[in-house]
Amino acid sequence: MKSFIVLALFVAAAVAAPQHQHNPDADAQVVRNELNNIGLDGYQFVAETSNGIKHQEEGQLQNVGTENEAISVRGQFSYVGQDGVQYTVTYVADENGFQPQGAHIPKAA
């Protein structure tokens with residue numbers, strides 16, 4: 001009887017578990033990964049995956065040696081949405097924060 005109850009609990013748990021559809025992005029492979037010009041004053045990289053995601057970025061150290069020393073980053077990434085549309089975001093991240101731009105991103109008034 002005890003083993004029947006344990007078996008019934010396993011069956012109930014399996015039936016209650018959410019049924020997930022296969023996510024094609026889970027099988028994506030990195031097809032390009034280049035990290036260039038890594039130094040104390042900055043970096044550059046480019047990465048792409050087999051599912052159409054692309055990302056490039058460069059960062060440079062600003063105000064070197066001062067109390068306002070900070071990194072300034074510029075980049076762009078793109079991906080294909082579930083609706084089949086390719087979305088592209090360009091951005092700057094610096095002392096003014098993260099500033100993305102893209103046709104699908106609402107503009108501040």
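Buried means under 20% relative accessible area, exposed means over 50%, and partly exposed lies in between (1.4 Å probe, protein chains only). This is a predicted model: local features need pLDDT of at least 70, side-chain atom pairs count only at pLDDT 80 or more, and totals for chains, interfaces and linings use all residues. Residues are numbered from 1 along each chain as its sequence is written, and side-chain values use heavy atoms, with hydrogens and water left out.

**Exercise 1. Find where confidence is lowest and where it is highest in the chain.**

Step 1. Take the average: pLDDT (the predictor's confidence in each residue, from 0 to 100) is 81 for the chain.
Step 2. Compare elements, which are DSSP runs numbered from the N terminus (helices: H or I, at least four residues; strands: E, at least two). Helix 1 (residues 2-16) is lowest, with a mean of 47. Strand 5 (residues 86-94) is highest, at 95.
Step 3. Apply the caution: where pLDDT is low, predicted coordinates should not be read in detail.

**Exercise 2. Work out the strand order of the open sheet.**

Step 1. Two strands pair if DSSP finds at least two bridges between them.
Step 2. The 6 strands run in the order 1-2-3-4-5-6, with antiparallel pairing.
Step 3. Strand 1 (30-39) and strand 6 (97-101) each have a single partner strand, so one side of each lacks a neighbour in the sheet.

**Exercise 3. Trace the salt bridges of Arg32.**

Step 1. A salt bridge puts a side-chain nitrogen of Lys or Arg within 4 Å of a carboxyl oxygen of Asp or Glu.
Step 2. Glu34 pairs with Arg32, closest N and O atoms 2.9 Å apart. Glu34 is partly exposed, at 32% relative accessible area.
Step 3. Glu48 also bridges to Arg32, at 3.2 Å between the closest N and O atoms.
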